[in-house]
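Hello,

Here is the structure I said I would pass on. My notes follow below it.

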Amino acid sequence: MLETKNVSKSFLTKQVLKNVNFTLKPGSIYALLGPNGSGKTTWMKLAAALSKPSKGTITLDDQPISIKSREKIVFLPTENFFYNNMTIKDVGLYYDDFFADFSIEKYHDLINKMDLSEKSKIKTLSSGMLAKVKIAAAMSRNAPYYLLDEPLNGIDLIARDEVMQTIIESLNEDATIVISSHLVEELEPYVNQAIFFKQGEMIEQCDVEELRDTQGVSLADHYRTLMKGDFLNA
Amino acid sequence: MLKLLKHEFQKQFSRLIGLLILLVISEGMFVIGYYGHNDQVMGRGLAIFAFLTIFGCISIGIDSILTMINDLSNNHNYMLFMTPNSGYKILGAKVLENLISTLGLIVICVLTMIGDYFLVGGKSQYLINLHINTASTASIVHSFSYGLMIWLALVALIILSIVLSLTLFKDAHHNFLLSLLVFIGLSILMSTIYNTIGRYIPSSGDNIYNVIYTIIMIVGCYVTSATLMDHQLSL
């Protein structure tokens, strides 16, 4: 289990996370939702051991998050981070070198499935192609936790569908995935849990299906209600 | 760490190859000058070769600093810090790559120069006039080793300055200027400590003191930088 207990994070004079508490259970797909600057990326970086909380702890299977946790947690940042002189093939080889759970065969398959050429240089790829390479690299790892920070950013509808299909098809049953995105409607068919962040605080965690069945509300409408305080008719 | 080292060398591959090609060209000038009985071409080839050796060592150091800045302060930092490698290993691979590249260049150049000397030894008035003997060779090696150590200390101090400014002033603007100010501050601190301790060292022990102090400084900067990267750095 990935547990976040009373976590706060400040940078210089700015507090970006305030007393966040929640637990991620194995085998669930979480949507991490909230406006820009609400703390979603900061939480992901804390969970991925790329930053340290100012207060509180995040534990993985009862052990505090550390450098070693990166063996079990896949973090995919929003930005392009591959070295410019790399080819798609080089990206796979890099991941293969550093992650014991990485499958180079699966990477080759995913790249082929997404109609990409391994000889292509990273610097020549469009944003949609880069998103696909990032997803292929991340999902070729067989880790218990995946934290994908806005994987659908800046890519067209068809590519978004392909990326989401790839994510869902690549997942193991026991894996837990957290996807942050502003495209709430597109995310809704795939997720079963939602966590809402607002101004650095975790304001709600809910079951998406329960929301639909018992309250008759879609995830997008519930998001609007929480963030704007009123329900807008479509 | 071997895999980190491999990737550090891959990053510097084109620069190292470029340097080697230039060295081959200058060495070619030397050999052509020798067989063509043209002391001018030979001399120029030798001068360019020597210049490239020194320039190469400096450029390796500067490149490692620029790569470090690139790796730490833009999105490429995810490539290193998403992997399950500690700051010690990440930084260690960078320092080792720098050291191996520099020493490798020096060894190649020295062996080439020795080969040149034996190729023309006794037959070229130009080289005879250089008066190369055991004493001058030992002096050159000593000066070069000391210079290399000082250069490594400078690189270590610069790396520490970069890491300090990125950890202490994560969200501040003008990070480069801050790194420069931190570097100046650290340099003043290091020289103050050096001078303070140095007052108690007899003049006969100056050389040993310089070496020990420099080594401690290099190790201290490395350990501090790596510890800060592990415990304080926020991407």
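Phe13(B) is part of helix H1 of chain B; helices (H or I, at least four residues) and strands (E, at least two) are DSSP runs, numbered from the N terminus. This is a predicted model: local features need pLDDT of at least 70 and side-chain atom pairs count only at pLDDT 80 or more, while totals for chains, interfaces and linings use all residues. Residues are numbered from 1 along each chain as its sequence is written, chains are lettered from A and ligands numbered from 1 in the order in which they are written, and side-chain values use heavy atoms, with hydrogens and water left out.

Phe13(B) has a relative accessible area of 53% and so is exposed (buried is under 20%, exposed over 50%, partly exposed in between; 1.4 Å probe, protein chains only). Together with Ile17(B), Leu20(B), Ile21(B), Leu22(B), Ile25(B) and Ile108(B), Phe13(B) makes a nonpolar surface patch of about 610 Å². Patch residues have over 30% relative accessible area and no salt bridge, and nonpolar side chains (Val, Leu, Ile, Met, Phe, Trp, Tyr) are joined within 5 Å. A salt bridge is a side-chain nitrogen of Lys or Arg within 4 Å of a carboxyl oxygen of Asp or Glu. Areas come from the Shrake-Rupley method with a 1.4 Å probe; for residues, only the protein chains shown count as cover. Helix H1 (residues 2-35) of chain B gives the largest share of the patch, 6 residues.

Tyr78(B)

Tyr78(B) sits in helix H3 (residues 77-81) of chain B and is buried, because its relative accessibility is 3%. Beyond its neighbours within four places in sequence, Tyr78(B) is in contact (heavy atoms within 4.5 Å) with residues including Lys45(A), Phe75(A) and Leu235(B).

Regards

Definitions and conventions. Patch = residues over 30% accessible without salt bridge, like charges linked within 9 Å, V, L, I, M, F, W, Y side chains within 5 Å.
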